[in-house]
Amino acid sequence: MKKRIGLIIGLLFCTSLLFAQSKFVATASKTNVGVGEQFEVDFTINAGGTHYTQPDFHDFQVLSGPNISSSFASINGVSTMSISYGYILSAAKEGTFTIDEAAIVLNGHTLTTTPIKIKVKGQAPPQQAQQAQAAAPDDNNPKVDTKDLSKQIFVRAVTDKTRAYVGEQIKVYYKIYTRVGILGGQPDKAPDLNGFWNQDVQSNGQNSWKSEVYKGVRYNVTTVKQSMLFPQHAGDLQIDPLAITFMVELRLPSRNVLDDMYGNIKQMKYSAKSQPITIHAMALPTAGKPADFTGAVGNYTVYSDVDKKELKANETLNYTVDISGTGNLNLINSPKIITPVDVEKYDPKTNDHIVVDSNGVSGSRQFSYLLIPRHQGNFTLNPVEFTFFNPSTQKYVTVPTKPFTIKVDKGDAQANVPAFNSSDQQDIKLLGSDIRYIKTTSADVFKDGEGFYDSALYYILLLLGPVLFIGALFYRRWMTEYNSDIVRVRSREASRMAAKHLAFAQKELTAGNRSAFYDAVAKGLYGYLSDKLNIPVSDLNKENIVTQLQARKLDGSIITQLVDTMDLCEMARFAPVTGISEQQVFDKAKNTINEIEDKI
């Protein structure tokens with residue numbers, strides 16, 4: 001009995017929770033109108049509902065409605081639903097009137113909207129009055145013009161700014177605007193972001209629909225993609241369109257009695273893409289630019305600390321510098337620290353705690369330095385100065401850390417101490433060196449020429465040492481010249497680094513991690529081409545890659561195969577790739593690298 005009661009309470013709780021998350025709202029395109037002026041009123045619920053009851057529009061003339069639009073979208077695996085009942089109204093006289101609440105039933109509960117007050121004063125302009133007259137209901141007109149869906153459903157890209165400094169954060173949102181039902185959607189082409197470093201905002205698993213008036217028309221709107229962009233160089237940079245193919249549901253005029261009862265519904269595919277946006281990227285000012293500025297743009301604070309302020313010689317000391325704030329954190333390099341000559345310093349370890357959400361890129365990047373003082377005494381870790389450019393104030397800001405005084409006590413008396421092993425070091429003990437045991441067996445005696453000494457092998461080995469030494473000198477000189485050209489060294493190491501990324505991709509493919517697989521393949525291709533063609537990371541894009549390969553007279557078929565593989569990896573970030581398996585993508589990337597190695 002207790003279990004049954006608990007089960008009933010749980011079901012009631014889940015039903016109440018679902019009911020609480022559902023919203024039924026009323027919105028009006030205008031709340032101050034003139035006599036004869038038309039305006040729109042929409043009643044929208046973000047879930048399914050039945051038994052809709054419209055309000056009594058006794059103070060208004062209903063020119064059109066109810067116009068029902070149902071949005072059932074499944075984009076990138078995220079399903080959403082929204083139903084809207086729309087009306088076009090016109091006021092017949094002056095005064096302040098109230099549009100009463102509408103009602104709908106959801107899961108046995110009745111949801112109602114909030115009443116809307118409309119203030120009518122004066123006469124509408126003649127043109128708007130004529131439009132209201134023409135908007136009177138006509139059963140012979142279709143509810144949706146199938147020949148001009150571009151006004152009923154479209155994709156729009158919105159940015160928070162169109163002018164920004166190099167390295168400044170730009171938020172871009174891709175939104176779907178619709179007045180028709182959407183059964184599904186599939187991205188066709190990811191936007192090209194040449195000239196930008198970008199980070200996508202991860203979806204939380206669901207897209208919420210809301211009502212929005214755009215150019216005087218009310219739409220159901222949802223955001224399908226958010227990205228944070230950082231211009232990499234000055235000039236006019238273009239955000240290319242995001243293209244999506246929808247399966248839409250259209251309500252057409254009734255042709256017979258059955259259509260009057262059930263509606264005349266037509267399903268069709270429709271492709272839409274956003275308009276390109278031009279971003280004017282401004283170069284950072286040179287006036288007042290500090291010499292130690294390394295490209296950090298945003299707003300940051302700096303904190304430093306040490307894990308100990310007193311230690312023995314040859315023991316390790318951890319010194320951390322933490323940079324936190326909002327901006328291009330992923331592009332911040334480790335700050336330079338200066339230590340005394342008798343303190344060994346190792347390359348820092350980087351730890352990121354970075355969050356990418358609708359508010360932008362924020363968090364912290366921590367650099368941990370390992371220091372080993374070799375002698376007794378006191379030394380000071382001078383302040384580390386971190387410089388960044390703040391776009392809000394349009395000024396360079398230098399933030400110093402605090403200094404630390406470190407006391408080093410006398411350590412173990414050892415001349416050479418291996419790094420990272422100070423806790424395991426032991427003094428070497430030599431035993432039995434003063435008194436030897438008496439030898440009781442007969443000694444081995446040889447005649448001249450019979451032993452190793454003064455033999456042919458003895459002289460060969462005696463000469464072998466200088467010969468090997470001279471050979472080592474020549475080999476060292478050859479290795480120095482061989483590795484002096486950094487460009488050639490990177491080019492030679494390119495295939496090895498690509499093989500490392502592809503091996504990781506093969507591992508992720510075996511584990512079934514599709515997203516990680518495509519990410520590893522993309523890193524392998526871009527990393528290989530950056531090293532092979534000596535292209536800096538800031539200039540690494542498909543246009544530069546193709547130009548460099550064409551300059552090296554590489555076959556056009558190989559270049560096309562490379563670009564297709566890179567496009568597949570980019571498309572896989574937004575939607576499942578069809579028509580080709582992950583193993584085929586892997587083989588295609590591997591073969592492309594091998595062919596480039598053979599040709600260049």
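Predicted model: local features only at pLDDT ≥ 70, side-chain atom pairs only at ≥ 80, totals over all residues.
Biologist: What makes E7 and strand E10 (residues 116-123) a pair?
Modeller: Five bridges join E7 to strand E10, and the two run antiparallel. Strands pair if DSSP finds at least two bridges between them, so E7 and E10 qualify. Residues are numbered from 1 along each chain as its sequence is written, and side-chain values use heavy atoms, without hydrogens and water.

Biologist: What makes strand E2 (32-35) and strand E7 (95-99) edge strands?
Modeller: The open sheet has three strands, in the order E2-E10-E7, with mixed pairing. E2 and E7 each pair on one side only.

Biologist: How do you know that strand E16 (residues 210-214) and strand E17 (residues 217-231) pair?
Modeller: They share five bridges, in the antiparallel sense. Lys-210 has Val-221 in E17 as its bridge partner. Two residues lie between the strands of this hairpin, and Lys-215 takes a positive phi near 55°.

Biologist: Why are H6 and H8 called oblique?
Modeller: Helix H6 (residues 514-533) and helix H8 (residues 556-571) pack at about 140°, with axes 9 Å apart. Under 35 degrees is roughly parallel, over 145 roughly antiparallel, 65 to 115 roughly perpendicular, and the rest oblique. H6 and H8 are therefore oblique.

Biologist: Which residues of H6 and H8 make the contact?
Modeller: Contact means heavy atoms within 4.5 Å. Among them are Tyr-518 and Leu-525 of H6, and Leu-562 and Glu-570 of H8.

Key
Helix = DSSP H or I, 4+ residues; strand = E, 2+ residues; numbered from the N terminus. Axes fitted to C-alpha atoms, helices over the stretch in contact; angles between N-to-C directions.
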